[in-house]
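Please keep the structure in view while reading.

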Amino acid sequence: MGDSIKTARLVAGYFRHNLMSAMAYRGAFILQVVGMLLNDLMLLFFWWILFQRLPTLQGWDLGGVMTIYGVVAFGFGLAHVACGNAFRVAQVIASGDLDYYLTLPADPLVHLIVSRMSLPAWGDILFGLVVFILAGPERWLSLPLFVLLGLLTALVMTAFAVIVGSLSFWIGNADAIALQAVNALTTFSLYPVDIFPPAVRVLLYTVIPAAFVGSVPAALLEDLRWQNLVLMIAFTAGIVLVAAGVFYRGLRRYESGNRVTVRG
Amino acid sequence: MIRYAAVVTVAIRQQLAYRAEIVMRAVSMVLFMGVFMALWSSAYGVSGQAELAGYSLAEIVWYLAMTETITLSSSRVFVEISEAVKAGDVAYTLTRPLSYPLYQVAYSLGGSLPRFALNLLTASLVVGLGMGRIAGSAAGLAAFLVTAALALVLDALVAVLIGLAAFWIEEVMPAYWIYQKLLFTVGGLFLPLEMFPGWLRGVVRWLPFQFISYVPARAFVAFEPAFVLQSIAGQVAYITLFAAVVALVWHRAQRRMVLHGG
């Protein structure tokens, strides 16, 4: 219990610290947030045009796709704001920068992933919220469920990033592969899973779990089925455990970078 | 001119040195084309029509293969320029016997060329196998290569302009995101302009973005000499305009530079 409180304080401390350093350059921060908001908004343009020509696509309409975008953007934003370094795990391992985290008493995995915040990701969070509320009538009523599913989505993304990043423990610099895998997860998650052929769909529920980042939570927001919510929670818990397992198994193979660095 | 050709050659060699990155780009292309083929097969299946806005399924997929080929080869030279501006390194380039913006355009084109060749090959293979046919002609391919080359020059000029914006704004990435998304949308990267509502098509045909994505891809899948000639004229006009703007901005930027001894 004591350890959990210590970890929570570490996470909160880093969050506050990262946000305050961002605020030192307020103009750049606001520019990045607004830029990302516009960036995300323009991605919906494609679907807006497409649904003018087709009423629905395998059961999904514009509102449904907006819900997918909402939950993916919100989860992506949360993951990159709170655990921004999870997406740099491969680079940190390969360059030997992991030493810094190993010398301190905090849990190295948690400490590693929370020590960076992506600033534009605040724009993703904002976009996710706005687009979800605009996707249909009385959406604010399901806002608590949206936030819960966004959190689960963020955990799935973070855990996946840690798993692919940890490949660096075995194959050297896995930076390019990890980046590619995370990009694949994000790309696939933005499309309704039902448009893909069955074999690809199996992959999207397992190896690249994009379905659990986009379509599954979005479908829950359209139609809450308890068994699917339980499945979503179980999958999230499972992938988080796998990520921690893979990271610590890999850590046993880690050789120090033998680099003298000072970290501010 | 020979000096800039040398810059292009060096950039090509530099690009070829990063083989792992090249493979990753090919994987990206396979992924994107796979998603597009699944999406559009579904869309055509649902619509029950053989053509949407004049495009058959094979034509739209080949159209997207061509727009992606250009986009994934596009310039990221603004990263280097903005870093050089922020770090002050840009001052050292003033003593070189080259124009800094032109050097960056040449460097960007050299980096784009190997990527372009690989992207074209990968996209054509994936889409050719997936669709079972080529939705284009030899004349279309020639028109594509000419208009795509002009598209990459125009794109490099925009990238240099975004990089030079670092003289005035702290962070240039948001400017790049917006430019990239304008290519995605009104540039016709994801959808040919024929699919747009009439009023929007009327607006976007005057903008520079369609000359980078839509024009070369459309020239490939539906070759029409009049369309190609008209488009080339538009591309050349925008290249001239952007070159003038880059020259003007660079002139202003130089006046903002403060040099200290040392």
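In this predicted model, B:Arg218 has a relative accessible area of 12% and is therefore buried, since the cut-off for that class is under 20%. The side chain of B:Arg218 meets that of B:Glu194 in a salt bridge, at 2.9 Å from N to O.

**The network in chain B**
- B:Glu194 lies in the loop between helix H7 (173–184) and helix H8 (198–204) of chain B, while B:Arg218 belongs to helix H9 (residues 214–221), 24 residues apart.
- B:Glu194 is also buried, at 19% relative accessibility.
- B:Arg218 forms a salt bridge with B:Glu224 as well, with the closest N and O atoms 2.9 Å apart.
- B:Glu224 counts as partly exposed, at 39% relative accessibility.
- Through shared partners, B:Glu194, B:Arg218 and B:Glu224 are joined into one network of salt bridges.

**A salt bridge in chain A**
- A:Arg139 pairs with A:Glu222 in a salt bridge whose closest N and O atoms are 2.8 Å apart.
- A:Arg139 sits in the loop between helix H8 (121–134) and helix H9 (143–165) of chain A and A:Glu222 in helix H13 (residues 215–222), so the pair ties together parts 83 residues apart in sequence.
- A:Arg139 is buried at 11% relative accessibility, whereas A:Glu222 is partly exposed at 41%.

**The interface**
- Chain A and chain B bury about 3,000 Å² between them, 80% of it on carbon and sulfur atoms.
- In chain A, the residues that lose the most area to chain B are A:Met42, A:Arg53 and A:Gln180.
- Zero salt bridges are found across this interface, but three residue pairs are in polar contact.

Notes:
Residues are numbered from 1 along each chain as its sequence is written. Chains are lettered from A and ligands numbered from 1 in the order in which they are written. This is a predicted model: local features need pLDDT of at least 70, side-chain atom pairs count only at pLDDT 80 or more; totals for chains, interfaces and linings use all residues. Side-chain values use heavy atoms; hydrogens and water are left out. Buried area is the accessible area (1.4 Å probe) that two parts lose on being put together, summed over both. A salt bridge is a side-chain nitrogen of Lys or Arg within 4 Å of a carboxyl oxygen of Asp or Glu. A polar contact is a pair of N or O atoms within 3.5 Å; within protein, one must be able to donate a hydrogen and the other to accept it, and residues adjacent in sequence count only if both atoms are side-chain atoms. Helices (H or I, at least four residues) and strands (E, at least two) are DSSP runs, numbered from the N terminus. Buried means under 20% relative accessible area, exposed over 50%, partly exposed in between (1.4 Å probe, protein chains only).
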